[in-house]
Amino acid sequence: MALYLLLPTVFLLCLLFPPCMPLTVGTETEAEALLELKRQLKDPLNVLDSWKETADRSPCNFFGVACDRISGKVIGISLDNKSLSGEISPAIGVLDSLATLSLPCNNITGKLPAQLTRCANLKTLNLTGNKMVGAIPDLSALGKLEILDLSTNSFSAAFPSWVGNLTALNSLGLGENEFDEGEIPEGLGNLTNLTWLHLGNSQFRGEIPESVYKMKALETLDMSKNKLSGKLSNSIFQLQKLNKIELFQNNLTGEIPPGLANLTLLREFDFSSNKFHGKLPSEMGNLKNLVVFQLFRNNFSGEFPAGFGDMKHLVAISIYENRFSGDFPTNFGRFSPLESIDISENQFSGGFPRFLCENGGLQFLLALGNNFSGELPDSYVRCKSLERLRVNQNRLSGKIPAEFWSLPYATMIDFSDNDFSGEISPSIGFSTSLNQLKLENNGFSGYLPQLGNLSNLERLYLSGNKFSGEIPSEIGALKQLSSLHLEHNSLTGSVPSELGYCVKLVDVNLASNSLTGNIPRTLSLISSLNSLNLSQNNLTGLIPETLVKLKLSSIDLSGNQLSGRVPSDLLTIGGDKAFDGNKGLCIDQYSRTRTNSGMNMCTEKPNQKKVLENKLVLFSIIALALVAVFAGLLLVSHKNFKLGEAVDRENNLEAGKEKDLKWKLASFHQLEIDADDICDLKEENLIGSGSTGKVYRIDLKKGRGTVAVKQLWKGDGMKLLTAEMDILGKIRHRNILKLYACSANGGSSVLVFEYMANGNLFQALHRDIKSGEPELDWCQRYTIALGAARGIAYLHHDCSPAIIHRDIKSTNILLDDDYEAKVADFGVAKIAESSQKGCDYSSLAGTHGYIAPELAYTAKVNEKCDVYSFGVVLLELVTGRRPVEEDYGEGKDIVYWVSTHLSDREAVVKILDDKVAHECVEDDMIKVLKVAVLCTTKLPSLRPTMRDVIKMLTAADPCTFRSGNNTCNDENVKDFSPSTDELSLLAVAS
């Protein structure tokens, strides 16, 4: 029995003093090693629950563990994507028969233990997608290793050149780490059995060494997102088995070597965002197995190889922002299942390619900014699969076939800046998914069609054409419309009053037409309207006074026949110029003094001045009477308050003799809490104070752990209804702070929450660790963002009824021991307010810098207010800055500041937090920045739902590259970079 008790001690001594380790170990010792491994891991999902001591002392029934059938020794550990954190114990070295260690897509931290080299039989080591740090120990001793994937971690120090000694490797992934900048080691060429090589984002500089081309078994080569320079060697033709090559985002120069065209097995090709130039070898058209071809943002010129027109497997091609010229291959798309093509911003000429949608699957057709001419081929009338169509900024002409306007899945149709003519077919009413219709600067004519069925339409740009007739009243059915541009046409009739039903309009421009009649008063219903231009028409009548309440930033009513007084607030916004050409308009003395305007003064009617004086005297008398009444009420209220306070004290003392001094405790989670534990709150334990009360750290008696206790401020607001507390107590989500219990003793109320050791996100963002490094690196920030998003989405979409937080901010996102996010204070403020007399659910809540802009003019609160606030939190995570800072400008916030830095990539990179924005994570941070900009869009309808936010954040996961045996993500999923028009849309959205 004594020997049995000593076994754990002996085991640990053996770990500390390796010479005492026996030549062979039994299953009992292996079980101890696995239990030690479990002790150093954190397992929130309890997947290691079966890892426990058993009677037979065998680990073979442990979840995720495989044993040899004959010897019973552990040969495999596979725990993919199980939310494990903590560190890998050095005890792993005891498992001398271990052949597979696969722990990808977890949150494991710490260093890779050197004791792993004792696992001499190891063939697969897959730790991709974790948070491991430090230098990778020399694993040269693992001569049997076939798969080594340590990608997407935070390993540092010099790139491990010793990998060239692992000649049995067939898969090697070391990309997406934080190695020191250096050159690709020559020794890589020794890995002649390698089929999969991922070295993307590894801080490499210099040229690709010739030795790389000796790895003739390579099927996948990824050296993207580095600083590689120089020319690509023609020796690349030796890699005859390549089916995927990714060299994007480097500084490679020169021309494409002709030998590349000999790699006939290539399926995926990405050389985008480099400095290649010259002509693309015509032999590239012989790569008949191509599925994806990306060459955008280089400096290629000349004709595009005609052989691409004969390809049979091409699904996606993106070659925008080059200088290709001449005719585009005639048969392009005729024989291939093409889904996406972006040939924008080149110099292609001649007729528009007619077979791009021959196989009926084309979804994205982007050809803007070229010199295509002639008519749009009628073959596209059958292309009903299109989702995004942009052929703007060409020289296309003629009429658009009537059937072509009907695109049921299209979200954008852009024919702008061409020479098209003819009418818009009524069949456009079937394009019910349409979000943007852009036809400006063409020769379209005829009446405007009925667009009432386009319920998703947000932007309608028809300016600079020859449209005539009236603006159809059905335009009022476009409830999502935010931008309407009909200027420079020949429209007649009145401005339809139904336009006021488009309550999400931000920008309206009807200038330079022949519109008549009055300005409809219903325009004042559009509370979101920011800019109004009705200039150069024939409008008459008065300017509606109600337009003042719109808070416009731009107005132009010049060149009409308006009359009457100009409201002073509108004059302040637009100045004299906005009202020029309206001979009947005038201003009063107050407006002239306030704006220094040169407009004519309004003439007073007889006795008008006397009437005004009488009204002023009457108003003064009423005001003085109200002041006197108010003062009297205050005096009476004060006396009643003092009297009531004394009575309450007396009543409380009497009642206290019986029962009110006892605390009443209601529990919501299984945690043993005594009222005595939480009733004695000492200021020395105070850890925070907010709008609803103070928060204390309390260590429960009998070692039951630590909790946070919030003591709510006293008053009527603390009479929380039982039903509301029941709802709050039933919420269950890993990213929502747990409410353990609530307690009350008459006038005092406390809430007991789980304790968060790492405080709140705001504190962590602005804390540095001892070495001067930020406390949160990008991977941690990303994980926190995704966790918080999941918590908020739970409140919005999985609670019935839905819960709107109304105060999302970085100080209300708490962090536990592992920096997992917990959304806090999401219900207390709402419940406290709703219990007070006279408070409506829509009463204003929130914090300056996080409050959605629509709350300035509406009391209606919905989930999109939370989305906006969460977008601000994302901006904090990406930029490392506070929501409100002086250098943003007076009255400005982080949303405004970011919006001024979205013109190009260089400007965007400058706003990333330079403490964490290493080159290896720049793209990931920009992806999250895009999500933040969408969340903080001015119009609530344009903001995504929190479910959509989670999808977008998941797509921005840094864990994107995987070895062949990893099931976390599909390595064949391609992340297509956005073209220039996508980036410009981002800037517009902000």
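**Charged pairs and their labels**

Modeller: Glu321 has a relative accessible area of 26% and is partly exposed.

Biologist: Why is Glu321 called partly exposed?

Modeller: Buried means under 20% relative accessible area, exposed over 50%, and partly exposed in between (1.4 Å probe, protein chains only). Glu321 has 26%, so it is partly exposed.

Biologist: What sort of model is this, and how are residues numbered?

Modeller: This is a predicted model, where local features need pLDDT of at least 70, side-chain atom pairs count only at pLDDT 80 or more, and totals for chains, interfaces and linings use all residues. Numbering runs from 1 along each chain as its sequence is written, and side-chain values use heavy atoms, with hydrogens and water left out.

Biologist: What makes Arg297 and Glu321 a salt bridge?

Modeller: A salt bridge is a side-chain nitrogen of Lys or Arg within 4 Å of a carboxyl oxygen of Asp or Glu. The closest N and O atoms of Arg297 and Glu321 are 3.5 Å apart, so the pair qualifies.

Biologist: How many salt bridges does this rule give?

Modeller: The count comes to 20.

Biologist: Why is the pair Arg39 and Glu36 called a salt bridge?

Modeller: The N to O distance is 3.1 Å, so the pair meets the 4 Å rule.

Biologist: Which of these are buried or exposed: Arg39, Glu36?

Modeller: Arg39, at 54% relative accessible area, is exposed, whereas Glu36, at 12%, counts as buried.
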